[in-house]
Structures are given as C-alpha cells and as structure tokens.
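Please open the structure in your viewer and keep the selection tool at hand. The tour goes from stop to stop, and each stop says what to select.

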Amino acid sequence: MSELFNKSALRDTVQKYLSEAEENLKIKSVDDEQIRAEIKSLLKEKNAVLVAHYYTEDAIQELAEETGGIIADSLEMARFGANHPAETLVVAGVKFMGETAKILSPEKTILMPTLEATCSLDIGCPIDEFSAFCDQYPDRKVVVYANTSAAVKARADWVVTSSIALDVVEHLVEQGEKIIWAPDQHLGGYIQRETGADMILWDGACIVHEEFKAKGITDLKAVYPDAAVLVHPESPEAVVEVADVVGSTSQLLNASKTMTNDTFIVATDRGIFYKMKQASPDKRFIEAPTAGSGASCRSCAHCPWMALNSLEMLRDALKNNSGEIHIQEETRVKALLPLQKMLNFQAK
Ligand code: SF4
C-alpha cells in the first residue's frame, strides 16, 4: 500500500503542535511556584547544586539555571559536578548520570529525584552477559558509552559520551586497536562508518532515537525545504543519512545557534528545545516525526525515564535525602579509571 503524503495536512499538524507547545510554556501553576521556592531554599540549606540534563522538563532546566547549577549533556554534567564545591549534587536525569557523578565524586552526596529513571541502553547491557561477551574477544579494547551501569563501566577500557566518542575511537584506530563497542548499536555503527574502525557491536538501542523515521523527515523537509535537519547518532542509519548535522546534544544545540536556517527539524529528545528556543527565540524548532510506516511510538521524542523527574520529586529528594546513589567501592574504583581516561583525553 502506498503511503499518502498530504503537505497541507502535515503543515496544519505541525502548526497545531507549535501553538500547543507555546501555550503550554505560558502555563505555570501556583503550586509549581511554591515548590520552586522550596527547592531554592533547600539547595542553599544543604549546600547543594542542581545538575540537570537537556532532556529534563523545562521547569527543572530553568531552576538549574536560576540557582547556579548547569544544564548539560552527560559529559559536561560529570565534569561540572566533579569540579563544583557543593557537598551535595542533585542530578536530574537518569540513573547512570547519578552513578557517574558518584564515581567521580565519592566524597559528595549524590541525590536523584527518582532512582526509577533508567535508560533502555543501560537495561539492555547487563554486566554478566556483557562481561562474557567481552571475554570472547580478549584482544579488543572495550569502549562503552556513558549510558551504562557502574559495573559495565568497571569492565571497560574506555568510557565515552556521544560528544567525544568519534575522537576517542579515531585515537584508538591510530594506535592499531580493535574495539568492542557497547551498548548502542546505532551510535556504534555511525562511529564505525565515520572512522573505519574494526568494531564488534553490542545490540542495544535507545527507545527514543530508534523511533525517528527517515521518511517522515523527508516528508517534513518537503513542507519546510529550507529547514536544517539535526540528528543525534543514536538514531538509525537511514535517519542519520538525511541529516545536515549529526552530533551529541551539545553539538546539535551549537548547530542550532550558528546555522542561519530559520527552521530546524530535530531528531533527539524534545527536552533540548528549551535551550534551543532560549538561544534562538526567532527560529522554529520541529520534532522529527516518529510516526509513519513501522512506527510504534513508544517514546514519541521524549524519554519516558527523563520524564519521571518532576519538581515534586526533586523537592522531596532534597527534603528527605532520598534517591541517594550508592556504589560498591571496588566497582567505583574500577569504573573511575576508564571515566578519568575520557576526561583526561578531553582535557588534552
Ligand atoms: S533518551 Fe534514550 S539514551 Fe537517553 S536516557 Fe532515555 S532511553 Fe536512555
């Protein structure tokens, strides 16, 4: 059956979405204002700082900015938290981000709004199976994405984030190394194509980025021919192929600031729109479609685990010291080595 493509209907849908999103931004309940005030005073009282990921809700990102915290990708979150003098880091994001903070800053208390917030990549890479997989290839360097448990990091030679993965793998290729990559198969495939590295890939995937559809993006491009397409490399290869820019969340944010296009079709979690709109209020940002042939839309461009972070839970974590991250010291010390290697590499 051929797919019907109706330009005008698609334009109406996009317009409706944009109007709704703008209206939602204006709504700020009295309750939220009170919770925000409580969080601000608790942060001071507990000598704590808020470290938020780009994919958390706008209200949390706003609070991080207003209270001297940071909104960032996982690499920058880790670095900021480790260098900040606060005694407590409140990490709004998903569990591996809190664990990374604890690995780097064992002397600090690391709190999270909820420990239920995980990641399909982390879940899909259990340590026992992964370790047995690595044991089959003892001659390969084990490079794991930051979106993994502390135990998986402890089994690795290198930990990387999407903003530094290409550089690290290029460096390993120059040294003649062969690689085991885990857990995201799409990001791993992208790095393999870009660097020509000899890589064996674990078959994990991000349930948000996996949903983007190349056909939906090209249909949208027909409606907005001057739009630039920004794609996170956790997306499938066909989606990466229609991109004008492929990069980590920070790299996509930078592209949205520096490119002169007035419209952007963005294939990553829509949480990033908060910073994109803030930096370029006159530009238009449209979610890359997750509908179309073969769509299941489990995520619809927003991570269900990131969405678990709420203002209420953030307040309660600070109030009750709940959602604290603990890691076995032996695991932490082992996981620190490949993480520190990444930070040292980045510093160079
Ligand atoms: S967006 Fe994807 S990679 Fe990021 S936390 Fe959610 S499931 Fe994991």
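Two strands pair if DSSP finds at least two bridges between them. Helices (H or I, at least four residues) and strands (E, at least two) are DSSP runs, numbered from the N terminus. Residue numbers start from 1 along each chain, following the sequence as written. The model is predicted: local features need pLDDT of at least 70, side-chain atom pairs count only at pLDDT 80 or more, and totals for chains, interfaces and linings use all residues.

**Whole chain.** Select everything to begin with. The chain has 16 helices and 12 strands. Of its 348 residues, 47% count as buried. A residue is buried if 20 or more other C-beta atoms lie within 10 Å of its own, exposed if 12 or fewer, and partly exposed in between, with C-beta atoms placed from the backbone.

**The sheet.** In what order do the four strands of the open sheet lie? The order is β10-β9-β11-β12, and the pairing is parallel. Strands of a sheet pair through backbone hydrogen bonds, either parallel or antiparallel. Select β10 (245–246) and β12 (284–287): they stand at the edges with a single partner strand each, so one side of each has no neighbour in the sheet. Next select β9 (residues 228–231), which pairs with β10 in the parallel sense over two bridges. L230 stands opposite V245 in β10.

**Helices on the sheet.** Axes are lines fitted to C-alpha atoms, for helices over the stretch in contact, and angles run from 0 to 180 degrees between N-to-C directions. Now select α11, which lies across β9, β11 (263–267) and β12 and runs at about 175° to β11. In α11 (residues 214–223), the residues A214, G216, I217 and L220 are buried. They sit on the same side of α11, because they cover an arc of only 160° around the axis. That arc is taken from the directions from the helix axis to the C-beta atoms.

**A loop residue.** Is G196 buried or exposed? Select G196 in the loop between α10 (185–195) and β8 (199–201). G196 is exposed, because 11 other C-beta atoms lie within 10 Å. V173 is 23 residues from G196 in sequence, and their C-alpha atoms are 8.2 Å apart in space.

Methods:
Two residues are in contact if their C-beta atoms, placed from the backbone, lie within 7 Å.
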